[in-house]
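Hi there,

Here is the structure I promised to pass on. Have a look at it first, and then read on for what turned up.

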Amino acid sequence: PGHGGKDPGAFGAGGTVEKEMTLDTALRLAKLLSNAGATVLMTREDDSDTSLKGIVEFANNNRADLFVSVHYNAFEQWKIKGTETYYFHPESKPLAQKVHQRMTAALGEPDRNAMSVRYYVLRHTTMPAVLIEPAYLTNPDEERLIRSEDFRQKVAAAAFLGVKDYLENK
């Protein structure tokens with residue numbers, strides 16, 4: 001889950017706090033993965049502080065097979081909305097594409113693409129790594145969705161299916 005502790009992440013137009021939504025969504029995803037037999041390692045399971053360096057070291061030192069970072073997006077223009085998925089290394093692109101395809105199909109929000117970005121956690125992890133941004137907290141309509149447990153469950157289920165698709169087609 002992105003952010004945590006002293007780092008709240010983004011705030012929605014109605015006051016929704018990103019770190020709370022990312023934790024809930026990541027715990028839902030972890031449960032789906034665990035139920036399917038995966039060993040899930042979480043960088044946080046509560047509202048604790050994390051550092052980007054600490055997150056990367058945790059993933060690399062535990063030799064994780066995959067890295068999925070859960071976030072919700074923000075932008076200064078409130079009209080911007082949609083689903084984005086980020087990766088950095090070329091070997092992460094297939095994972096990003098599978099997760100993104102599942103999220104856009106399940107969520108029905110505008111497809112803002114899977115794209116390569118230079119985020120620290122994506123550049124420095126040694127395994128296929130993605131960072132998901134299912135919707136924009138700063139868009140009032142999407143913020144309402146994000147606040148919904150059903151929507152967060154849809155995000156988790158879509159991310160789970162994308163990971164599953166990736167692993168089955170590897």
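Please keep in mind while you browse that this is a predicted model.

Let me start with Thr22, which has its place in helix H1. Thr22 has a relative accessible area of 0%, so it is buried. If you set aside neighbours within four places in sequence, Thr22 is in contact with Pro1, Gly2, Arg44, Val70, His71 and Tyr72.

Next, the helix itself. H1 covers residues 18-35, and its axis comes within 8 Å of the axis of H6, which covers residues 149-168; the two cross at roughly 45 degrees. That angle is why H1 counts as oblique to H6. The crossing of H1 past H6 is right-handed. On the H1 side, the contact is made by Met21, Asp24, Thr25, Arg28, Leu29, Leu32 and Leu33. H6 contributes Glu149, Arg152, Gln153, Val155, Ala156, Ala157, Ala159, Phe160 and Val163. Sorted by class, the contact of H1 with H6 has 10 nonpolar, 2 polar and 4 charged residues.

The segment before H1 is worth a glance too, and Gly5 is found there. With a relative accessibility of 18%, Gly5 falls under the 20% cut-off and therefore counts as buried. Which residue sits 43 places from Gly5 in sequence but 4.3 Å from it in space? That is Ser48, with the distance taken from C-alpha to C-alpha. Beyond its neighbours within four places in sequence, Gly5 is in contact with Lys19, Asp47, Ser48 and Asp49.

Finally, a charged residue on a strand: Glu84 lies in E2, residues 83-87. Is Glu84 buried or exposed? Its relative accessibility is 4%, so Glu84 counts as buried. The Glu84 side chain makes a polar contact with the side chain of Arg112, at 2.6 Å. Arg112 is also one of the residues that Glu84 touches when those up to four places away in sequence are not counted.

Best wishes

How values were computed:
Residues numbered from 1 in each chain as written. Predicted model: local features only at pLDDT ≥ 70, side-chain atom pairs only at ≥ 80, totals over all residues. Heavy atoms only, no water. Axes fitted to C-alpha atoms, helices over the stretch in contact; angles between N-to-C directions. Helix = DSSP H or I, 4+ residues; strand = E, 2+ residues; numbered from the N terminus. Parallel < 35°, antiparallel > 145°, perpendicular 65-115°, else oblique. Left-handed = near helix turned anticlockwise from the far one by under 90°. Contact = heavy atoms within 4.5 Å. Buried < 20%, exposed > 50% of the residue type's maximum accessible area, 1.4 Å probe, protein only. Polar contact = N/O pair within 3.5 Å; in protein donor to acceptor, adjacent residues only side chain to side chain.
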